[in-house]
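Visitor: I'm new here, so please pick one spot in this protein and take me through it slowly. I'd like to see what sits around it, too.

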Amino acid sequence: MALPADQPGFGASLLAGGVAGVSVDLILFPLDTIKTRLQSPQGFTKAGGFRGIYAGVPSAAIGSFPNAAAFFITYEYTKFLLRTDSSSYLVPVTHMLAASAGEVVACLIRVPSEVVKQRAQVSAASGTFHIFSNILYQEGIQGLYRGYKSTVLREIPFSLVQFPLWEALKALWSRKQDHVVDSWQSAVCGAFAGGFAAAVTTPLDVAKTRIMLAKVGSHTASGNVLSALLEVWKTQGISGLFAGVIPRMAAISLGGFIFLGAYDQTRSLLF
């Protein structure tokens, strides 16, 4: 399925997305660990506090490149399939559908990596491979995909906010200066779009974390997002639903800057 020469190629999207994903995940991993521990059922201190903040990094490192590459391959190809005139009111819809398709595909890679990573983050004494082996032994392959639905339900609303906003901000900036935005300008747009999307989708992220960390056989482990949200609401109220919102916004704002800037920069070098 090659794209026409004037469209972003699969190879460029794969490499650019992969480089951007690895850059973000490794640079911002400590913030992600802090966010996960703030959202964990046992609380921040019992989950490890500020100790061992790189626990679980091997899982993130292994999953990062293929996850990001899969997203952007799907994102760019879906945009190509649904291409509309740049002045059309359907452009934001195209970006939303492309981002949603990208998330559904990328989560097939992201979720197993995320499950192992988050369990390592709240149990720093256990090695990544040991946690991976335990999941397979106790729950089988389906254990690695626990939270797939909740992750997709988090990522699609996130992308519906982030990517149309990112593309709109880039288009606005381009019009203001009469030329296509530079990579650093794209990164600034990405930081703003990512931070805003992170804030409004934090409750879904909390639900996803609780489901992935729940004990085997528990009600939460069944993966019901609404049930997980209600449980957090009953026990911790609004503060529980927005647990970790500051490090999440910080990580994703910085991540949006690095990720989308690195993506555009890498693609520009390849064309």
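**A close look at Y75**

Guide: Let's start at Y75, which touches H95, A98, A99, G102, F163 and E167, leaving out residues up to four places away in sequence; touching, or contact, means heavy atoms within 4.5 Å. Bear in mind that this is a predicted model, where local features need pLDDT of at least 70, side-chain atom pairs count only at pLDDT 80 or more, and totals for chains, interfaces and linings use all residues. Residues are numbered from 1 along each chain as its sequence is written, and side-chain values use heavy atoms, with hydrogens and water left out.

Y75 is among the residues with the most contacts inside the largest nonpolar core, along with F71, F72, A99, F163, W166 and F259. That core has 16 residues (a core is a set of buried Ala, Val, Leu, Ile, Met, Phe, Trp, Tyr and Cys residues joined through side-chain atoms within 4.5 Å; buried is under 20% relative accessible area, exposed over 50%, partly exposed in between, with a 1.4 Å probe and protein chains only). The biggest giver is α3, with 4 residues. There's also a second, separate core of 10 residues, including C107, V111, I135 and V152.

How do these helices meet? α3 (residues 57–81) packs on α4 (residues 91–121) at about 165°, their axes 8 Å apart (axes are lines fitted to C-alpha atoms, for helices over the stretch in contact, and angles run from 0 to 180 degrees between N-to-C directions). That makes the pair roughly antiparallel (over 145 degrees; under 35 is roughly parallel, 65 to 115 roughly perpendicular, the rest oblique). Their contact has 13 nonpolar, 9 polar and 4 charged residues (Ala, Val, Leu, Ile, Met, Phe, Trp, Tyr, Cys and Pro are nonpolar, Asp, Glu, Lys and Arg charged, the others, Gly among them, polar).

On to α4 and α7: their axes come within 8 Å and cross at roughly 140°, which makes α4 oblique to α7. By class, the contact splits into 13 nonpolar, 4 polar and 6 charged residues.

Note on methods: Helices (H or I, at least four residues) and strands (E, at least two) are DSSP runs, numbered from the N terminus.
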